[in-house]
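User: Pick out one pair of packed segments in this model and give me a close look at it. Then tell me how it sits within the rest of the chain.

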Amino acid sequence: MNAEEQLNHLSEIRSLMERSSRCLSLSGLSGISAGIIAIISGLYTWWYLGDGSFAPPVQVTEYFLSLHIFSDRFITVAIIAMITLTLAILSAFFFTYQNSIKQGLKIWDASTKYFLINLFIPLITGGIFCLVLTYHGELYLLASSTLIFYGLALLNASRYTHREIRYLGVSEIFLGLISSLLIGYGIIFWLIGFGVLHIVYGGIMYSKYETSAAGANN
């Protein structure tokens with residue numbers, strides 16, 4: 001074999017190794033859909049806590065902090081959060097499943113298992129920590145805590161999927177740290193972190209991996 005053929009074989013081997021060690025079926029559209037869902041949910045929560053208006057974020061935060069954890073409004077906000085999380089997970093599964101079919105990839109393999117394990121350990125830890133904060137009435141730290149732990153989860157799982165997830169994780173951590181200094185603007189940071197950043201990085205992943213793959217198949 002000449003040098004060019006050897007390089008081609010090495011490239012194919014490298015590609016096969018990457019496909020076997022990374023969850024490459026993760027779709028950019030899942031990030032975009034999760035971001036849209038988060039923005040709709042966040043804006044509705046902002047409007048709801050503002051008594052039917054988009055009050056200044058500091059005023060909304062102060063009103064939220066004054067709620068008792070067993071009050072009807074607090075429970076409503078918690079339900080909205082659970083519905084948002086459920087819809088985001090379902091949309092992520094749907095678009096990732098569709099992408100795996102288009103690219104001929106397995107949606108469940110060893111890399112997917114390790115990706116989910118490394119993702120959910122920090123997520124579950126962060127969820128428990130946020131429940132502890134709620135129990136002690138430290139609600140002003142919820143926005144920054146959720147962003148930081150979510151970023152840590154993405155960073156921890158990024159070794160098993162596209163590298164853009166690592167950058168998204170770092171961005172979420174950075175945003176969460178800023179949020180911890182600007183307590184009254186938690187809802188703004190939530191909208192940026194779970195909404196805008198998801199859409200931006202989802203769009204980058206879709207353009208980089210799925211658009212090019214569709215063109216190659218055609």
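Analyst: Angles under 35 degrees count as roughly parallel, over 145 as roughly antiparallel, 65 to 115 as roughly perpendicular and the rest as oblique. My pick is helix α5 (residues 110-135) against helix α6 (residues 142-157), which pack at an angle of about 165°, so the two are roughly antiparallel to each other. Their axes (lines fitted to C-alpha atoms over the stretch in contact, with angles from 0 to 180 degrees between N-to-C directions) are 7 Å apart.

Bear in mind that this is a predicted model, where local features need pLDDT of at least 70 and side-chain atom pairs 80 or more, while totals for chains, interfaces and linings use all residues. Numbering starts from 1 along each chain as its sequence is written, and side-chain values use heavy atoms, without hydrogens or water.

Now the contact itself (heavy atoms within 4.5 Å). On the α5 side you'll find F115, N118, L119, P122, L123, T125, G126, F129, C130, L133 and T134. Facing them from α6 are L142, S145, T146, F149, Y150, L152, A153, L154, N156 and A157. By class, that makes 14 nonpolar, seven polar and no charged residues (nonpolar: Ala, Val, Leu, Ile, Met, Phe, Trp, Tyr, Cys, Pro; charged: Asp, Glu, Lys, Arg; polar: the others, Gly among them).

Further along comes S179, which sits in helix α7 (residues 164-181). The contacts of S179 include A143, S144 and L147, plus G186 and F189, leaving out residues up to four places away in sequence. S179 is buried, at 2% relative accessible area (buried is under 20%, exposed over 50%, partly exposed in between; 1.4 Å probe, protein chains only).

Another pair to set beside this one is helix α2 (residues 28-49) with helix α4 (residues 72-103), whose axes come within 8 Å and cross at roughly 165°. That angle therefore makes α2 and α4 roughly antiparallel too. Among the residues that meet there are I37, Y44 and L49 from α2 and I80, L87 and F95 from α4. The contact of α2 with α4 has 13 nonpolar, eight polar and one charged residues.

Zooming out, the protein has eight helices and zero strands (DSSP runs numbered from the N terminus: H or I of at least four residues, E of at least two). Of the 218 residues, 40% count as buried; in helix α3 (residues 57-65), P57, V60, T61 and F64 are the buried ones. Among contacts between residues at least 6 apart in sequence, 74% join residues at least 24 apart.
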